[in-house]
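Dear colleague,

I am handing over the structure below, together with some notes on what I found in it. Please read the notes alongside the coordinates.

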Amino acid sequence: MTPTEQLKIVIVGHVDHGKSTFVGRLFHDTGSLPEGKLEQLQKIAERRGVPFEWANLMDALQSERDQNITIDTAQIWFQTKKRQYVIIDAPGHKEFLKNMITGAANAEAALLLIDANEGIQEQSRRHGYLLNLLGIRQIAVLVNKMDLQEYSQDRFEQIERDYRAFLKTIGVEPKLFIPIAAKHGDNIATLSKNTPWWTGPTVLAALDEFKVAEAPDNQPLRFPIQDVYRFDDRRILAGRVEAGSIKVGDKLLFSPSNKVSTVKTIERWNAPEISSASAGESIGVTLTEQIFVERGAVAALETDPPYELNRFKARLFWLGRAPFKMGRLYKLKLATQEAECEIASIEKIIDASTLETVVRDGDQNYVGRHEVAELTLRTKRPFAFDAHSEIVSTGRFVVVDGFEVAGGGIVADDIYPKRTADSLHKSGNIYWSHGKVTPQQRALRNGHSGCVVWLTGLSGSGKSTIATELERELFNHGQHAYVLDGDNVRHGLGSDLGFSPEDRKENIRRIGEVAKLFANAGMICITAFISPYRADRDLVRKILAGGPNQFIEVFVNAPLAVCEQRDPKGLYAKARANEIKEFTGISAPYEAPDQPEIELNTDQITVAESVARIMEYLHVQDEGTLISI
Amino acid sequence: MDYLAKLENQSIYILREAFNKFENLAMLWSIGKDSTVLLWLARKAFLGHVPFPLVHVDTTYKIASMIEYRDRLVRDWNLQLVVGKNEEVLKSGVTYPNGKATRVECCGTLKKDGLKAVLEKHHFTGVIVGVRRDEEPTRAKERYFSPRDKNMEWNVEDQPPELWDQFKTDFEKGTHIRIHPLLHWTELNIWEYIEREKIPVIPLYFANEKGERYRSLGCAPCTFPIKSSAKTVHDIIEELRHTKTSERSGRAQDKESEDAFEKLRRDGYM
């Protein structure tokens, strides 16, 4: 049996243009009312000596009802021969715009009512504009209360002309206009004798012509990561394919980390095993190479990645009680990404009902409640996004003020720089570096607390490679990291030191002190020194123990034979030839850590996997720290 | 993608959002068809796992076979179950079956207060509930992520906007969020999905020798079967395609006063 198809519609229009009456009539004409409901309401009206109103019927069903009416059922859906329709959200009076926007954002089609008598009103225009902004493309305009205009074709055509002209200025083309009189059922389910000049369709026929939204299968792949699951020994990336399709063997580029890996499996539960998934499917993905990926990353094919920037142009509507103000920080949510944002500039504030630019006396630096604006937003971290006109679901966002979603918008078209292979070009876009803050504020702001990642191990074990890769990975995640480089330290800070055991010890102590300062400044300080003596490393651990920041000892462990074989700088050869004295592992001891926080067997795992292990450790630590703050 | 698959994928998305955003998350399980479908969807979302506890508010007046069925699934599906009871009221005996409370008062203490107590005890800040908007008019106004204040109250007039699957996941301390992954499913969709996935449902839903079946399950004293000849899931689907009576018509507490259910819900009922 084919499941019942449903189309979600929203009904909008100016207050008193007949939304409730229309819905009541629609339910009646589609036979969707519970048995006896109409008769019951008619009787109540009669008993009270008031005319029966179709709007009451809707109110009764919606429980915004008169006191004597009993509710015994709820049908907010109705049925035609073709399918079932759901009317999203009830017309309510308070907070109508918020409800209308919520309804429209979830709807696939809209009916917009205009009173033939009153003509186009403020909300007729505002709703038309917002439907467009919300991405509703299937719109039918119902010119209602035609009975009050003696079913005049001229009046109908005049309204159609005027409203089409308005919609055209915002690039909307409604499917059609239909003359109706909801009260009498004209042209709702059947063509009306009162409008012989109207050959159709009826409202129901027009509804049945609308299409159920199809997922955008044929666009570039966008797979935003919702979560990473580790229910067993596998790491499963959970998410919904928002655009395009994904299959086993696809090479994925993750933004904003710029990491690449290949799809190993597509995971589903109690479903046929299919090695691909298309737009709209909520799936899991495992990768062939373990890289560090977390919620917010967007996977795409390397050939067609999203933009990745920390500023973009947007069109936004504001619903918040407090205005959207320049100079204040808000939270931006786009797909599964979240970060602080602020207004970089306001290009234009628009009155959605007239489309005229709002000119205010004095302070121009805010967007008020129920206003629409064209502006540029700046985010704390680079965001992966698309223009709304290209890919819808990664081209729209909401703004959270405090605990509330207070605004929404779409990414406007602009000339955004395309990605380059060198992720470091982003450095020009990194911002936010102001001053006086407490360590807690710093941690909250940075999204991580400061710490020292101390890599220790034999020469050639991979410390420097891992350190620099880790630094770049952290940097790409918008985190603040810095590698303390051995040579730099020797040139400056330790220029008075030699290589005697005392001097080596002093060198490590100084590095430890400097690392501590970096950590206190909120940074993730990475060091890569052989640091062969346990006592020296423990000294650094002690230096940090008094403060708020953690010392993370990472034992980069590769067997001597492997290191010697690698010998990237030819040092082992020199040591064997006795050209270097006291070379660790050959002619000087290496004291392996007893209980390192992390141990990396670099003869068995790749650099990327090593980095992923450290990232994971830091990530888990931070979740704990930030929550406790 | 067909319509049921769309509903399924959307529900999985919502469940995953909830799991990501709430530290202390639980799912209400009434043992009925809806919350059992919800449980099934959780296993879909988390690839066979249910990574949060299920809360069953036990009034002790449930139909006996519901408890047997519950305990069997807990065993078979390896579930964490938390049972909440309003011991105080049960001890005092002020309940409808004892003739000492109205139906609505009884729901208020045994179910609503029972739920409140169990949420508080375990500090749950996110509660997944299987309500659907086609069930009942006040449920039609719900959001996917719906805040409840410190007293569990629901402010119907001023609900958060819900755009493009960006849900309300930021909330004040002491409040909690109800999450409704089945909001857009209808009773018919539930049965279509049960048929498609072959989900084991409690046999009370199927017509017995007397030609009666339960359409909605609750406490024995306040839940009545309907006349029906539907003996299989398929029969139920056929029956629902042609019915005009409401799903909760066999639930007596809704009828005590015209707005009984709305009041219960505003106060924090499921």
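Why does Ala182(A) count as buried? This is a predicted model, and in it Ala182(A) has 27 C-beta neighbours inside 10 Å, where 20 or more are needed, so the residue falls in the buried class. Its place is in the loop of chain A that runs between β6 (176-179) and α7 (203-209). Leaving aside residues up to four places away in sequence, Ala182(A) touches Gly18(A), Thr21(A), Phe22(A), Arg25(A), Trp54(A), Asn144(A) and Ile188(A). Of these, Phe22(A) lies 160 residues away along the chain, yet its C-alpha atom and that of Ala182(A) are separated by 4.8 Å.

On confidence, the mean pLDDT of chain A is 82, with 88% of its residues at 70 or more. Two stretches of chain A call for caution: pLDDT stays under 50 over residues 63-75, for which the model has 29 contacts beyond four places in sequence, and again over residues 90-94, for which it has seven such contacts.

In soluble globular proteins, nonpolar side chains tend to be buried together. Within chain A, and again not counting residues up to four places away in sequence, Ala104(A) touches Val10(A), Val12(A), Ala110(A), Leu130(A), Leu131(A), Leu134(A) and Ile136(A).

The strands concerned are β24 (residues 451-456) and β26 (residues 524-528) of chain A, which pair in the parallel sense over five bridges. Both belong to an open sheet of five strands in chain A, with parallel pairing and the order β25-β26-β24-β27-β28. At the edges stand β25 (481-484) and β28 (598-601), each with a single partner strand, so one side of each is left without a neighbour in the sheet. On average, and with direction ignored, neighbouring strands of this sheet are turned by 20° against each other.

As for chain B, it has eight helices and eight strands, and buried residues make up 54% of its 270 residues. Among the contacts in chain B with a separation of 6 or more, 77% are between residues 24 or more positions apart.

How values were computed:
Residues are numbered from 1 along each chain as its sequence is written. Chains are lettered from A and ligands numbered from 1 in the order in which they are written. This is a predicted model: local features need pLDDT of at least 70, side-chain atom pairs count only at pLDDT 80 or more; totals for chains, interfaces and linings use all residues. pLDDT is the predictor's confidence in each residue, from 0 to 100. Two strands pair if DSSP finds at least two bridges between them. Helices (H or I, at least four residues) and strands (E, at least two) are DSSP runs, numbered from the N terminus. Axes are lines fitted to C-alpha atoms, for helices over the stretch in contact, and angles run from 0 to 180 degrees between N-to-C directions. A residue is buried if 20 or more other C-beta atoms lie within 10 Å of its own, exposed if 12 or fewer, and partly exposed in between; C-beta atoms are placed from the backbone.
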